[in-house]
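Please find below a note on the model under review.

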Amino acid sequence: MPQDSMVPSGLTRPGLLDDSRGAVARFARSVVQVRPDATIADTARYITEAGQSCALVAARHGFGIVTDSDFRRGLATGHVAASDHIVRLATFPAISVPEGTGVATAFLTMLHRDVHHLVVTGADGSPSGVVRLTDMTAGEVRDPLLVRDAIRASATVAELADATRMIGGTAVELFDTGVPARQIGGLLAAVTESVLQRLLTFHASELDHRGQTSFLVLGSLARREPLPLSDVDTALVWADPTEGRAPGELLRGVAEQIIVDLETCGLRRCVDGANASNPLFSRSVSDWTAAAPRWISQPSGGRSLLLTSMIADSRPLTNLGLGRRVLDALLEVARSREFLDPLLRFTVSSKPPTGLVKDFVLEHSGVHRGQVDLKRGGLLPISSLGRWAAVLTGDGRGSTVDRLRRGQEAGIFTADEVEALVGSFDEIYALLLRREVESIRAGRPDLDHHVDPKTLDPLTRRYVRDAFRSISEVQARLLSDGPGRIR
């Protein structure tokens with residue numbers, strides 16, 4: 001991501017991204033609740049009298065929310081009249097979090113879901129309050145959605161590129177102020193997705209195929225754990241045509257232009273080819289669903305396992321139902337013993353560079369002689385284990401850490417294994433983040449994840465070595481008894 005000195009200070013103070021500030025419930029305001037048949041005028045009056053900025057609409061199928069901006073937008077455009085029922089303005093369902101949710105988690109939920117209000121729910125799931133972004137940030141930040149708002153307000157690719165110029169510097173200052181590494185990754189994922197969403201809006205009419213296309217993100221972005229200089233991996237799904245020519249060639253051309261525009265904004269396409277313009281990663285629903293069992297029936301093929309692992313890390317940005325059909329089809333057929341055994345071997349094939357006694361295995365030739373690859377030797381083996389757990393549990397949601405913890409709940413990993421893997425992930429991810437921040441700060445945003453262990457301070461060197469050993473030990477145990485953990 002490009003570097004720029006114009007960093008929005010509102011995004012860089014550590015308090016907002018620190019769960020140690022306590023639960024978000026302490027910022028919650030009282031709730032104004034109305035029936036769905038209340039008029040817009042009456043609801044506006046209730047909100048004003050209560051000194052609030054929103055109301056919850058209690059319908060039979062759950063709670064919706066209407067905010068002051070909904071009133072302004074709806075009435076100003078003539079979309080609704082003051083005498084209409086409030087349900088015409090409300091958004092269902094209202095985004096909610098349990099009252100014990102930490103401040104950082106609540107903030108990132110707002111950012112990912114693009115909302116400024118969260119409903120706080122009690123132990124029984126009923127609303128106990130509403131928290132506003134402005135309440136969480138009062139006196140601490142100007143506007144933590146400044147970059148996101150600038151992106152959404154962009155009318156051209158050139159304006160979008162100007163907006164994204166702040167992202168690299170923001171990552172630097174977040175790091176400098178001590179924000180936890182995984183929280184920075186979540187923030188970067190949200191902002192990167194907003195860039196993609198804006199580009200998809202620019203190309204919506206071209207990408208539309210009878211309203212039936214889904215653009216997906218893959219890899220670390222799908223898991224919401226990218227690094228500042230990570231590639232953007234993408235895929236494309238479209239509905240099967242009922243008549244006429246298949247739209248693949250046309251849609252891939254549009255996808256290529258989106259990726260070119262993405263590069264104009266300072267982001268990187270996948271250098272390994274996981275791009276929505278590549279025929280391997282852009283298919284109709286029937287082609288995708290037919291490919292899944294074909295890959296699984298030939299698990300010894302390296303590309304089949306690689307493609308399967310990529311698609312297991314997919315998350316749709318548009319037309320969510322259509323995009324989910326691809327992952328659901330793959331997960332449905334992937335739980336066969338014939339596939340899971342070779343998938344396990346593929347999963348543990350990326351080995352950490354551990355020595356036989358106490359040191360690292362270093363590369364012996366080439367430009368990286370005497371170095372280790374922290375990403376390939378550290379993060380990749382752990383994210384692969386998380387992906388394997390996602391296939392076994394049939395649940396690909398969330399980050400690598402989320403998947404590992406669900407794997408523990410399902411009996412795939414022991415508590416000690418998960419503790420070791422999560423600790424190792426955090427150590428290596430934080431080290432890689434620091435190196436990328438240093439590259440951005442120095443104005444040389446490269447993608448080299450190699451490091452000479454001798455350049456690390458003794459404590460960091462020990463942490464990395466211990467992390468590699470922990471990963472290796474878990475891999476060895478899974479090779480020995482992993483098949484027996486499959487239920």
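The points below cover the conventions, the strands, the aromatic rings and the cysteines.

1. Conventions. This is a predicted model, in which local features need pLDDT of at least 70 and side-chain atom pairs count only at pLDDT 80 or more, while totals for chains, interfaces and linings use all residues. Residues are numbered from 1 along each chain as its sequence is written, and side-chain values use heavy atoms, with hydrogens and water left out.

2. Helices (H or I, at least four residues) and strands (E, at least two) are DSSP runs, numbered from the N terminus. Two strands pair if DSSP finds at least two bridges between them. Strand S2 (residues 54-59) pairs with S3 in the antiparallel sense, over six bridges. The two strands form a hairpin, and two residues lie between them.

3. Thr 67 belongs to strand S3 (residues 62-67) and stands opposite Cys 54. Thr 67 is buried, its relative accessible area being 10%; the term buried denotes under 20% relative accessible area, exposed over 50%, and partly exposed in between (1.4 Å probe, protein chains only). With neighbours within four places in sequence left aside, Thr 67 is in contact with Ser 53, Cys 54 and His 117, where contact means heavy atoms within 4.5 Å.

4. The three-stranded sheet. Which order do the strands of the open sheet take? The order is S4-S5-S6, with mixed pairing. Strand S4 (96-98) and strand S6 (127-132) are the edge strands, each pairing on one side only. From one strand to the next the twist averages 35°; axes are lines fitted to C-alpha atoms, for helices over the stretch in contact, and angles run from 0 to 180 degrees between N-to-C directions. Strand S5 (residues 117-121) pairs with S6 in the antiparallel sense over five bridges, and Thr 121 stands opposite Pro 127 in S6. Helix H3 (residues 103-113) packs on the sheet and touches S4, S5 and S6, its direction making about 135° with that of S5.

5. Aromatic pairs. The structure holds two aromatic pairs. Rings of Phe, Tyr and Trp (its six-membered ring) pair if their centres lie within 6.5 Å; planes under 30 degrees apart count as stacked, over 60 as edge-to-face and the rest as tilted. Trp 388 and Phe 413 form an edge-to-face pair, at 6.3 Å centre to centre and 65° between the planes. Trp 388 lies in helix H15 (residues 374-393) and Phe 413 in the loop between helix H16 (400-409) and helix H17 (415-441), so this pair ties together parts that are 25 residues apart in sequence. Trp 388 and Phe 413 are both buried.

6. The pair within H17. Why is the pair of Phe 425 and Tyr 429 stacked? Their ring centres are 5.6 Å apart and their planes are at 15°, so the pair is stacked. Phe 425 and Tyr 429 are separated by about one helical turn because they are four residues apart in helix H17. Phe 425 is buried at a relative accessible area of 2%, and Tyr 429 is buried at 1%.

7. A charge over a ring. The charged end of Arg 283 sits over the ring of Trp 288, 5.3 Å from its centre. The criterion is that NZ of Lys or CZ of Arg is within 6 Å of the ring centre and within 35 degrees of the ring normal.

8. Cysteines. How many disulfides does a search of the whole structure find? The search finds zero, a disulfide being a pair of cysteine sulfur atoms within 2.5 Å. Cys 54 is buried, with 7% relative accessible area, and Cys 270 counts as buried at 8% relative accessibility.
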